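Let's take a look at a protein together, with its ligand in place. Have the sequence and the 3D view ready before you read on.

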Amino acid sequence: MNTKSVSELLNQDITLQKVTIKGWVRTFRANRFIALNDGSTINNIQCVVDFENFDEALLKRITTGAAIEVNGDLVESQGKGQKVEIVVSSLEVLGDSDPETYPIQPKKHSFEFLRENAHLRTRTNTFSAVMRLRSSLSFAIHKYFNENGFYYMHTPIITGSDAEGAGEMFRVTNLDAKNPPLTKEGKVNYKEDFFGKETNLTVSGQLEAETYAMSLGKVYTFGPTFRAENSNTSRHLSEFWMIEPEVAFMDLAGNMDLAEDFMKSVISYVLEHNREDLEFLDERLFNDEKTKPQAERSEMRLIEKLKFVTDNNFKRVSYTEAIDILRNSKPNKKKKFKYLINEWGADLQSEHERFLVEKHFKCPVILFDYPANIKAFYMRLNEDEKTVRAMDILFPGIGEIVGGSQREERLEVLKQKMAALDIPEEELWWYLDLRKYGTAVHSGFGLGFERLVMFATGMSNIRDVIPYPRTPQNAEF
Ligand code: 4AD
């Protein structure tokens with residue numbers, strides 16, 4: 001006997017061999033055809049049962065969702081749609097599934113319903129494809145950095161510093177919430193807390209990654225990050241995964257080159273290795289698009305969109321140029337934007353980012369040199385003293401997917417910026433040390449992993465590309 005995965009069997013040329021296969025029943029038609037899936041591929045293997053040879057009570061237990069083991073001969077398929085099938089000689093029900101209550105019936109379910117059943121939603125074609133793609137993208141990311149001389153660094157999850165300065169962090173404490181120790185001033189006394197200071201879940205591994213870049217040269221982190229912002233949108237999670245490379249002696253132009261090459265590489269990887277899943281999603285999304293009004297339909301199909309990104313240069317545009325384009329744009333003049341662009345210095349909202357990418361340039365865009373006061377303290381101040389060497393990459397359908405910058409390497413300038421923002425030097429003494437001992441130009445960026453998975457799968461809600469989404473008011477499973 002030869003135990004193989006469905007994927008291996010379907011790609012097998014040699015027929016007429018005895019095989020064993022285990023999986024979950026997708027459908028059982030006419031008391032004869034079992035469509036079996038084990039998660040190894042989007043495709044099911046057809047198992048043909050001669051019902052006269054099997055006990056009726058056993059066949060009744062072959063219901064959608066049941067786990068079974070099948071033994072039989074792998075033969076050339078008589079039917080259309082598959083090369084091979086299994087003629088079943090014996091079968092065993094490993095785990096029954098009650099057809100009355102099993103939520104994943106063989107029909108189309110809404111994404112909302114499937115989110116409520118996230119523990120079972122990977123038994124559907126769409127979610128199994130999405131999660132296989134997620135896994136492949138993750139591998140492609142490690143592969144890219146490994147092949148390009150980067151070291152993988154695990155940055156801390158519990159942190160005493162606020163990297164982005166946004167203050168939207170989740171507190172980590174084991175103090176008694178009802179009766180915390182207080183200081184003389186009546187504030188919570190974190191000196192008595194577990195770590196002897198205020199600690200939070202990290203919003204980014206960047207600051208720690210910088211310390212390693214300034215010794216190991218090229219490093220990256222790929223870990224969970226947490227943000228307590230109350231953003232209930234289809235692009236925000238409270239817990240998401242971020243990839244953050246950091247490179248010594250690299251300036252902003254090098255950072256843009258790295259980000260573009262990296263994005264193209266990981267997307268090419270899935271185009272090559274996840275063809276069947278992508279073809280399935282391409283078709284599914286195309287059919288969904290047909291139900292939308294013409295004006296809202298996407299101009300490109302999924303695979304076309306991915307190839308477009310790998311085959312074309314990203315357009316590099318300064319913030320100042322972008323503001324000019326937006327100020328003179330139709331939606332701005334006709335007051336169609338929710339936030340109108342009147343002057344230089346305005347923070348860009350997702351409606352503006354999407355206009356630039358989807359309507360104006362019609363390709364991925366890298367915006368750089370943003371006003372200093374809308375960006376984080378650690379970004380390198382330009383000679384104009386108004387802008388910083390920041391860059392954001394904007395993707396069609398997603399908006400901002402990457403945020404990065406050249407870092408401020410000059411001790412005095414950094415200290416001034418921290419003082420202006422009331423960031424205590426004592427908190428980041430080690431970060432300042434990097435500027436005291438062998439400081440150098442260095443840069444990096446952060447890619448929101450789920451935003452990449454959204455782009456690569458065409459899914460429109462970020463909750464559908466992470467196994468168990470954490471969002472305001474929701475931490476089920
Ligand atoms: O632009 P952000 O906040 O940048 C940083 O955290 C820097 N420390 C990165 C660096 O330079 N090393 O976040 C980076 C990316 C965004 O472009 C976005 O893709 C994603 O992280 N992101 C989110 N993804 C999902 N849910 C959220 N709430 C997100 N916030 C940011």
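## Before we start

This is a predicted model, where local features need pLDDT of at least 70, side-chain atom pairs count only at pLDDT 80 or more, and totals for chains, interfaces and linings use all residues. Residues are numbered from 1 along each chain as its sequence is written, and side-chain values use heavy atoms, with hydrogens and water left out.

Let's begin with helix H6, residues 252-273. (Helices are DSSP runs of H or I with at least four residues, strands are runs of E with at least two, and both are numbered from the N terminus.) H6 has 22 residues and reaches 32 Å from its first C-alpha to its last, close to the 32 Å expected; that expected span is 1.5 Å times one less than the number of residues.

## A strand with two partners

Now find strand S14, residues 387-395. Because 9 of its 9 residues are buried, S14 is largely enclosed by the rest of the structure. (Buried means under 20% relative accessible area, with a 1.4 Å probe and protein chains only.)

S14 runs antiparallel to strand S13 (residues 365-371), and 6 bridges join them; strands count as paired if DSSP finds at least two bridges between them. Phe368 has Met391 in S14 as its bridge partner. S14 also pairs with strand S15 (residues 399-406), again in the antiparallel sense, over 6 bridges. There, the bridge partner of Asp392 is Gly403 in S15. S14 and S15 form a hairpin with 3 residues between them, and Gly397 in the turn has a positive phi of about 80 degrees.

## Around the ligand

How many residues surround the ligand? There are 24, and the closest are Glu164, Gln206, Glu244, Glu400 and Ile401. The shell divides into 8 nonpolar, 8 polar and 8 charged residues.

A polar side-chain atom of Glu229 lies 3.1 Å from a nitrogen atom of the ligand. Gly403 has a polar backbone atom 3.4 Å from an oxygen atom of the ligand. Phe445 has a polar backbone atom 3.4 Å from a nitrogen atom of the ligand.

Key: Buried < 20%, exposed > 50% of the residue type's maximum accessible area, 1.4 Å probe, protein only. Near = heavy atom within 4 Å. Polar contact = N/O pair within 3.5 Å; in protein donor to acceptor, adjacent residues only side chain to side chain. Nonpolar A, V, L, I, M, F, W, Y, C, P; charged D, E, K, R; others polar.
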